[in-house]
Amino acid sequence: MLVSVIGTGYLGATHAACLAACGHDVVGVDSDPGRIEPLEHGRAPFHEPHLDELLDRGVRAGHLRFSTDVHDAAGAEVHFLCVGTPQRTGSRAADISAVHAAAAALAPLLTRPCLVVGKSTVPVGTARELATRLRRDAPAGEDVHVAWNPEFLREGHAVEDSLRPDRLVFGVEADEDDQVLRDVYVEMINGGVPVVRTDLATAELAKVSANVMLAARISLVNLLAEVCEAAAADIGDLTTVLGLDERIGPHFLSPGVGYGGGCLPKDTRAFVARAEELGVAGPAALLRDVDAINMRQRARTIDWTVALLDGRVQGRRIAVLGAAFKADSDDVRDSPALDVAATLQARGADVVVHDPKAAANAARAKPGLRIADGVEAACQGAEVVLVLTDWEEFRGIDPVSLLDVVARPQVLDGRLTLDPHKWRAAGWDFHALGRGAR
Ligand code: UDX
């Protein structure tokens with residue numbers, strides 16, 4: 001099939017590469033030449049394991065093209081909308097202007113029957129509005145159909161999640177649209193991936209609902225972590241117990257400095273905003289608390305650090321290990337690690353950050369922040385070391401050799417990444433969010 005993918009961020013670039021790997025002819029379109037240039041050469045404009053191999057293979061085989069010109073999407077049988085929907089400035093709601101702009105650019109090119117498939121995360125009701133606009137503005141009129149097919153990929157696992165998703169959701173208005181999507185994903189469906197067919201609204205809600213459930217789970221674990229600290233209990237052991245309950249399961253039970261990234265924070269807020277618009281303000285207050293607990297983790301990390309420095313951070317050397325919002329990603333959007341580092345620096349601390357992959361993005365996002373290219377360089381002369389991203393590399397730090405580098409052996413583990421026994425045995429004053437009393 002000839003397929004277009006509009007928007008080539010984490011979602012669109014991965015989707016385009018995976019569709020090409022499934023045997024389709026794909027053109028990826030983005031108005032940002034900075035993204036298109038590396039993609040044309042088979043390289044991702046961001047760090048994502050295994051994506052470069054897939055892009056390179058697709059581009060070399062001639063199944064995958066990229067362009068800044070939306071006219072190159074004309075003629076595709078299926079158009080996927082993969083543009084970003086960030087938080088609107090000054091509001092909790094999602095900014096869906098890029099979705100409408102992409103549809104408006106596409107509409108005049110739709111001269112024959114086709115399916116426009118939304119993958120972006122949008123407030124429920126957007127798909128119906130989009131269908132009305134496209135049918136009004138496209139030359140093909142009623143022959144333009146709209147479907148919603150949310151994507152659940154995690155950064156750092158985007159390729160694996162796209163090629164072998166837990167489920168495919170097809171929000172459609174007609175049997176023929178369901179069939180088109182089955183043809184697009186035939187390889188995965190034959191491989192056993194389950195399909196759930198829904199209406200448009202349910203499919204739109206599916207993505208944001210999954211994300212608010214994950215966000216709520218993390219905030220609940222962080223609430224338990226704070227109680228553990230107050231009661232001198234251990235959140236690591238507690239989550240092991242909880243995870244062995246089949247009804248609860250072991251995933252998404254890691255406490256710490258909280259969730260960040262381009263999805264969970266803004267999707268939780270956008271869900272609240274949309275629920276309020278729909279008259280469901282009362283129950284949606286639960287998610288305001290989820291957000292507040294999440295932001296509280298950053299504040300608690302800062303307070304704890306200040307306490308370890310005897311209440312005064314001005315001019316004090318602090319090492320922050322981690323800038324990405326999670327391991328295996330170079331994404332620093334709404335990153336708790338970077339937020340904590342920047343806030344401590346703004347209070348006058350002498351902060352040095354190290355991250356294995358996100359250094360360049362961290363420097364761009366916070367130009368005043370000092371970045372070191374290794375753990376030891378970041379910890380040189382530090383009076384406290386904060387571990388705020390769960391990189392495997394940090395798990396393997398040797399606490400004995402790091403003693404020679406720091407000015408004071410104090411560590412605060414904000415991701416339950418370090419082994420407390422090993423660090424204490426090496427002579428460190430060890431602290432961790434959720435682990436025992438201070
Ligand atoms: C998320 C969803 O998982 C994915 O399905 C959706 O498509 C996009 O949003 P992503 O943002 O890539 O994916 O990251 P995810 O792995 O979900 O982690 C989100 C945040 O939660 C990270 O900051 C992570 O460190 C944090 N987290 C995750 C925890 O604090 N504890 C956990 O147990 C799990």
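The model is predicted; local features require a pLDDT of at least 70, side-chain atom pairs count only at pLDDT 80 or more, and totals for chains, interfaces and linings use all residues. Residues are numbered from 1 along each chain as its sequence is written.

The overall fold was examined. The protein chain has 18 helices and 14 strands. Both kinds of element are DSSP runs, numbered from the N terminus: helices are H or I runs of at least four residues, and strands are E runs of at least two. The radius of gyration is 23 Å, close to the 22 Å that the globule rule gives for 438 residues, so the protein chain is as compact as a globular protein of that length. This radius is taken over C-alpha atoms, and the globule rule is 2.2 Å times the number of residues to the power 0.38. The C-alpha trace spans about 70 × 50 × 40 Å along its principal axes.

Of its 438 residues, 50% count as buried. A residue is buried if 20 or more other C-beta atoms lie within 10 Å of its own, exposed if 12 or fewer, and partly exposed in between, with C-beta atoms placed from the backbone. Two residues are in contact if their C-beta atoms, placed from the backbone, lie within 7 Å. Among contacts between residues at least 6 apart in sequence, 70% join residues at least 24 apart.

The protein chain is divided into domain 1 (2-198), domain 2 (208-291) and domain 3 (298-432). These bounds come from an automatic or database domain assignment. The C-alpha centres of domain 1 and domain 2 lie 29 Å apart. Their contact takes 11 residues from domain 1 and 11 residues from domain 2. On the side of domain 1 that touches domain 2, 6 residues are nonpolar, 3 are polar and 2 are charged. Here Ala, Val, Leu, Ile, Met, Phe, Trp, Tyr, Cys and Pro count as nonpolar, Asp, Glu, Lys and Arg as charged, and the others, Gly among them, as polar.

The ligand was considered next. It is surrounded by 21 residues, and the closest are Glu155, Ser254, Tyr259, Cys263 and Lys326. The shell draws at least three residues from each of domain 1 and domain 2. Its largest share, 4 residues, comes from helix α9 (residues 200-231). By class, the shell has 11 nonpolar, 6 polar and 4 charged residues.

Helix α11 (residues 264-277) has 14 residues. From its first C-alpha to its last, α11 reaches 20 Å, close to the 20 Å expected at 1.5 Å a residue. The expected span is 1.5 Å times one less than the number of residues in the helix. Since 11 of its 14 residues are buried, α11 is largely enclosed by the rest of the structure. The buried residues include Leu264, Pro265, Phe271 and Val272, and also Lys266, Asp267 and Arg269. Helices α9 and α12 (281-308) are among what covers them. After α11 comes Gly279, with a positive phi near 85°.

Positive phi values also occur in residues other than glycine. His50 has a phi near 70°. His50 sits in the loop between α2 (33-40) and α3 (51-61), and is partly exposed, with 15 other C-beta atoms within 10 Å. Asp310 has a positive phi of about 60°. The loop between α12 and β9 (317-321) holds Asp310. With 9 C-beta neighbours inside 10 Å, Asp310 counts as exposed.

Two further residues were examined through their contacts. Val59 lies in helix α3. Val59 is partly exposed, with 19 other C-beta atoms within 10 Å. Not counting residues up to four places away in sequence, Val59 touches Gly42 and Leu64. Val59 and Gly42 are 17 residues apart along the chain, yet 5.8 Å separates their C-alpha atoms.

Arg333 is found in the loop between β9 and α13 (336-346). Arg333 counts as partly exposed, with 18 C-beta neighbours inside 10 Å. Leaving aside neighbours within four places in sequence, Arg333 is in contact with Gly261, Gly262 and Phe325. Arg333 and Pro265 are 68 residues apart in sequence and 9.9 Å apart in space, C-alpha to C-alpha. Pro265 is one of the buried residues of α11.

Terms used
Near = placed C-beta within 6 Å.
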